[in-house]
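User: I would like to go through some salt bridges and a pocket in this model. Please keep the answers brief.

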Amino acid sequence: MADLKSEIKCPSCGESRLASSFLTSKVSGQKICIACFRKEKKAAGASGSEAAKASPAKAETPKAAAAEGGEAPRAAALEAATAPAAAPATTGGLAAEGMAKCPACGKEMDVKRFVTSKKSGQKVCNMCYQAERKAGKADQPAPSAAAGAGAKAKPKPVAAAAGPHASAAGPVPAGAGGAAAPAMAAPGAARVRAQTVRLRSVDQPSGDVDRRDFLGWLALGWTAFTAASAQSAIALGRFMFPNVLFEPPSTFKIGYPEEFEIGKVDERFKASNGIWVIRSESMIYVLSTVCTHLGCTPNWLETERKFKCPCHGSGFQKDGINFEGPAPRPLERFRVKRAEDGQVEVDTSKKFQYELGQWNDPESYLVV
Amino acid sequence: MTAIQRIKQKFFESQVWRSIFRHGYPDTRRNQSLAVLSNVFLHLHPVSVRKSGIRLSYTWCMGGISFFLFLVLTVTGVMLMFYYRPTAEFAYNDIVQLREDVAMGIMRELHRWGAHAMVISVWLHMYRVFLTGSYKPPREFNWAVGVILLKLTLLLSFTGYLLPWDQLAIWAITVGTNMARATPGAGHEGPFSSMIKLGDIPLLHSGSDVRFALLGGRFVAAPALLRFYVLHCVGFPLIAGVLMAVHFWRVRKDGGVSGPL
């Protein structure tokens, strides 16, 4: 049969499917697709066919059967296990347990780790097998004898496992062979199964989703999840910034210049807008009511002619210059201008700091 | 067998008792271990503690006292939530009501003094851990968790400070949150803030910086009260609870309470 990854037509249902998913039918002996195989198996199970009962090992892992090289060697192996006296010793010179020498690398190794090489057909150790497989993959992109093995009865691991009862090298003493056969049959078969399952996974992993695809989907899934999480984190952050504020506007009119008495500190807008308006001989300027020490609100003490902060005792003169207490710099001033209707308009979003020389900015005062 | 013994036996061998306690009376080493291991409330606790681990002159029991105070504050805090409304209209009057009119309103004083005590005990706990060198391997990670827990304790204290909504609270939080203005790259008066702009438009201003998000406005007002209330009652206690579980578990995993060398 052709490449495992190529698509071929199933003779039973007529659909094109991946060659790796083809199995040998137990009814027709043909290679059919896994869907048909399952249907067949279900039908067999429903009718309670003898075949299904007689060989539970067959029904156990249908997927790998193709890779295993068909039913023939397996059935033979099972027979060998149940009737060891009659079975041929097709072990390739290996016992089921104990140590053996690998013909490829020459290392002593547990026979359980031996696999049939696809190149030489010999039993080689797992490490040599993997190396061979890797090399084969690099050489030719589609080497796969196993799936197409079909009727070719290769000496499979099952056969090797069946050995103990037939060969003298096994754990069962040779003399006890014949007599002990019926009693040993059951555990022997169990061991065969366990071993074939393990070796098969090494031999030829096959399935509907392979490892590479699975990892691809996994990576895609995690990427999508991370992106969605990051997006919700940003959305949650944005949630904390309100769009509507119940605060006074930053730009507002405070009346006509004539309403402000020369030489006085006007405290009318202290509570509502956080400003003092002061008119001197020649100009109007607007001071922020935020203490430059730690942000408390000072009070204007008319008798002492100074702003005094109740928190830590900072003192500011009428023009805003600090002169006592811990405040490190003068009070800030806000932008002030004449609106079109002649009123004084204050903009608290723009501040002017004395220590930066910004009080000379014509926007920081209003000439009257 | 007397009647009392029979009743006792019947009681301790009943299905109800045996379904709750899956071990015998803790008079053997095995049952003593099981008493801790199979108890959901004790499972973070080590099965056995070194003698030095309970020596008061060594540990001062400050970690245990901190945890005890946290439990006291949780209980009293939940009780206060039955009376306190976190709005500018009601908050102050509810505190006054708790003090003057509510039966057992002393709960509020317990909460307040317990909070002060917890800040002190957590600091002392850290001081003891420092003095005994218990921050050294393999306990470095638990020290880091402890530092975060200390910060959470201070944040809990800070957010709780605003809730009485009196002059002291408002100005203390005003002063405290002014520090957030200077957060590097996130506060509008902090380092790098002038670099974050689109052409001539500054992106980081008093209406878009980290302090604004914290207060829900440009200054301490009703939105700030609500935010601090939620953080104080839900946010920080939840994080602190999770980290405390990690903290206690790591004490066990790192070899128990450190002892004298």
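User: Is A:D266 buried or exposed?

Analyst: This is a predicted model. The side chain of A:D266 meets that of A:R268 in a salt bridge, 3.1 Å from N to O. A residue counts as buried under 20% relative accessible area. A:D266 has a relative accessible area of 13%, so A:D266 is buried.

User: Which residue forms a salt bridge with A:D347?

Analyst: A:D347 lies in strand β18 of chain A and its partner in strand β17, so the pair ties together parts that are twelve residues apart in sequence. The closest N and O atoms are 2.7 Å apart, and the partner is A:R335.

User: Which residue of chain A meets B:R218 in a salt bridge?

Analyst: The pair crosses between chains, from the loop between α10 and α11 of chain B to the loop between α9 and β9 of chain A. B:R218 is partly exposed, with 36% relative accessible area, whereas the chain A residue counts as buried at 17%. The N to O distance is 3.6 Å, and the residue is A:E247.

User: Which element gives the most to the lining of the second largest pocket?

Analyst: The second largest pocket has a volume of about 1,400 Å³ and is lined by 48 residues. Elements that give two or more residues to this lining include α5, α7 and α11 of chain B. The lining divides into 27 nonpolar, 18 polar and three charged residues. With eight residues, the element that gives the most is α8(B).

Notes:
Residues numbered from 1 in each chain as written. Chains lettered and ligands numbered in written order. Predicted model: local features only at pLDDT ≥ 70, side-chain atom pairs only at ≥ 80, totals over all residues. Heavy atoms only, no water. 1 Å grid on protein atoms, 1.4 Å probe; cavity = no way out; pocket = protein on both sides within 12 Å on 5 of 7 lines; lining within 4 Å. Points joined across faces, edges and corners; volume = space filled by probe spheres on them. Helix = DSSP H or I, 4+ residues; strand = E, 2+ residues; numbered from the N terminus. Nonpolar A, V, L, I, M, F, W, Y, C, P; charged D, E, K, R; others polar. Salt bridge = Lys/Arg side-chain N within 4 Å of Asp/Glu carboxyl O. Buried < 20%, exposed > 50% of the residue type's maximum accessible area, 1.4 Å probe, protein only.
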